Structure formats: structure tokens, C-alpha cells
Amino acid sequence: TPFAVWARLTQGIERPDAPELTAGHYLERAVADWYRDTFGGRMFPCEATPHPEHSWLSATPDRTIDDGPSGDYWLLECKTDRDRDAWGEPGTDQVPVHIAAQVQIQMACTETELCDVAVLFKSRDEFACYTVPRDQAVIDAIITQLGSWYAVHVTGGVMPALDGGNAAAAYLKQRYPGSNGVMGEASATALALVDLYSQAKAQESFHDAQAAVYRQQLILEIADRDGLNLPDGGRVTYRASKSGTRSLRISGRKE
């Protein structure tokens, strides 16, 4: 997410491990071997490659493929997915949009014209390959958007919107590890967030992701204080337990 990228680049917060990322790491070699055994060619690992014009942009493709006699070479990106719902027919360039964006930037950084996307569909034990040609118009559009975002949020230091994700939670935990024993008065923004968070929690099975965003926004309002007093006599607190873990609680509100 944009927040996760910002947190990594400006705060040193790495993306937390997730089961699907770990599985993808170990299965990458298997997918690459399957591709080599199916299509041939010489395969080489890739180093991080900066864009020839934009120093803030780089890419690390999974492999480079060289067919030998002709001197032609292209990129290989190895993927796993549960099923083919987001994919087109094998042999086409119909890959999910986030993968299409990824490989276009990889081709821009490595100055190549073609990328094969090899994928293992785990629910069917099925291997497939897609071929994505370079599209300079798409590359230019992506770089324009990325450059604008980078200038505002990385160079300019403007924090992106909290998104309810793990990186945002890690950032808040790092920024506000403890409280100072002081209760503050709730601002209009904080009071509105209390209402929104309470409503989202009441329907958490439907609004779980949104509740996480409101929770993070409330923590940002409280910062390093113990919490906030609410106009109706209630309070929202963010205090540490004996183990040192801070918990967000809303109490004493009138119905």
C-alpha cells in the first residue's frame, strides 16, 4: 500500500512477513525451474537495477532469460496464485493489473522489451505462462504518478493516509510506544472518529477494515497522552498494560 511504501522509505519499517509472501519466496525457484524445463533458454538471477533517468526508481526482476544463439534476452517474473480468476488465457498478456504495472517498470529499468510471467495456480497444481510486451505509454503514465507521489510523500515528508494495515500499525506503535499520564480534551475530529469507530466496531464483520483505519486515526489523535475526555463524560484511552502493550478503549459514554 502507499502507506507501507512510505513507512519503509522514510521510517525504516519493513513490511511484516505474511504467509503468502513466505510461500511465494520458497516457490519462486520451483516456478522458475518449471519455466526452464518447459521453454528452455539460459536463466540468470537479477540484481537491483535503477531506472536510467529516475534515480528514485529501481526494480529487481526474478530472472533474465537468454536463448543463446540469437542473443535475444527477456525478463521472467515468477508468481503463485490460488486460482485463475484474475488471469486471462495462458499465452496472452492478460495478467492482473498490479503485476502488469510491476513488469512494465521492470522492463523500463532494465531497458528490455518483453517479460514472461510464469505462474503456479496452487488450487489446481497448474502451471501457465503469459507474455507481456513493453508499453511505453503505460510506463510513462506510471512514472508520472509515482514521481508525483514520491515528491509529495518521500521528498516532501507528507504522511499518506492511514490505511488500517500492518505497516500503519507498526508506525504508530513505533511513534507512540508509551503514554505520559495526561488526559486531553477531545477535538471535533477526535469526537467524530470515536463515533465512527464505535459504529464500525458494532458492525465489525462488515466493516473490519474500516474500523482498523478509524482506530489508527484515533491513536494518531491521542499520540503520547493517556487518552481524551469526551464531552458526554466518556473517555477514550490508549494506555499500556503491565506487559507494556497499549490498548485503545472507549468507556463511560452515555447512550
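1. The open sheet. Four strands make up an open sheet in the order β8-β9-β10-β11, with mixed pairing; strands are DSSP runs of E with at least two residues, helices are runs of H or I with at least four residues, and both are numbered from the N terminus. Two strands count as paired if DSSP finds at least two bridges between them. The edge strands, β8 (183-185) and β11 (246-251), each pair on one side only. From one strand to the next, the twist averages 30°.

2. Basis of the model. This is a predicted model, in which local features need pLDDT of at least 70 and side-chain atom pairs count only at pLDDT 80 or more, while totals for chains, interfaces and linings use all residues. Residues are numbered from 1 along each chain as its sequence is written, and side-chain values use heavy atoms, with hydrogens and water left out.

3. Pairing within the sheet, and a helix against it. Strand β9 (residues 227-229) runs antiparallel to β10 and is joined to it by 3 bridges. Within that pairing, Gly227 has Thr237 of β10 as its bridge partner. Helix α6 packs on the sheet and touches β9, β10 and β11; contact here means heavy atoms within 4.5 Å. The direction of α6 makes about 90° with that of β11. Axes are lines fitted to C-alpha atoms, for helices over the stretch in contact, and angles run from 0 to 180 degrees between N-to-C directions.

4. The nonpolar cores. The largest nonpolar core has 25 residues, of which Phe3, Val236 and Leu248 touch the most other members. Two or more residues come from each of α1 (2-11), α5 (166-175), α6 (188-202), α7 (204-222) and β10 (235-240). A second, separate core of 13 residues includes Trp87, Ile99, Val103 and Val132. Such a core is a set of buried Ala, Val, Leu, Ile, Met, Phe, Trp, Tyr and Cys residues joined through side-chain atoms within 4.5 Å; buried means under 20% relative accessible area, exposed over 50%, and partly exposed in between (1.4 Å probe, protein chains only).

5. Helices α1 and α5. These helices pack at an angle of about 40°, with their axes 8 Å apart. They are therefore oblique to each other, given that angles under 35 degrees count as roughly parallel, over 145 as roughly antiparallel, 65 to 115 as roughly perpendicular and the rest as oblique. Phe3, Ala4, Trp6 and Gln11 of α1 make the contact with Ala167, Ala168, Tyr171 and Gln174 of α5. Leaving aside neighbours within four places in sequence, the contacts of Phe3 also include Met159, Pro160 and Leu162.

6. His153. This residue lies in helix α4 (residues 136-155) and counts as buried because its relative accessibility is 14%. A polar atom of the His153 side chain lies 2.6 Å from the backbone oxygen of Val158. Not counting residues up to four places away in sequence, His153 touches Trp6, Thr10, Val158, Met159 and Pro160.

7. Strands β6 (residues 114-121) and β7 (residues 126-133) run antiparallel and are joined by 8 bridges, with Phe121 opposite Glu126 in β7. They form a hairpin with 4 residues between them. Asp125, in the loop between β6 and β7, has a positive phi near 50° although it is a residue other than glycine; at 63% relative accessibility it counts as exposed. Glu111 sits in the loop between α3 (97-110) and β6. Its phi is positive as well, near 55°, and Glu111 is exposed, with a relative accessible area of 55%.

How values were computed: A polar contact is a pair of N or O atoms within 3.5 Å; within protein, one must be able to donate a hydrogen and the other to accept it, and residues adjacent in sequence count only if both atoms are side-chain atoms.
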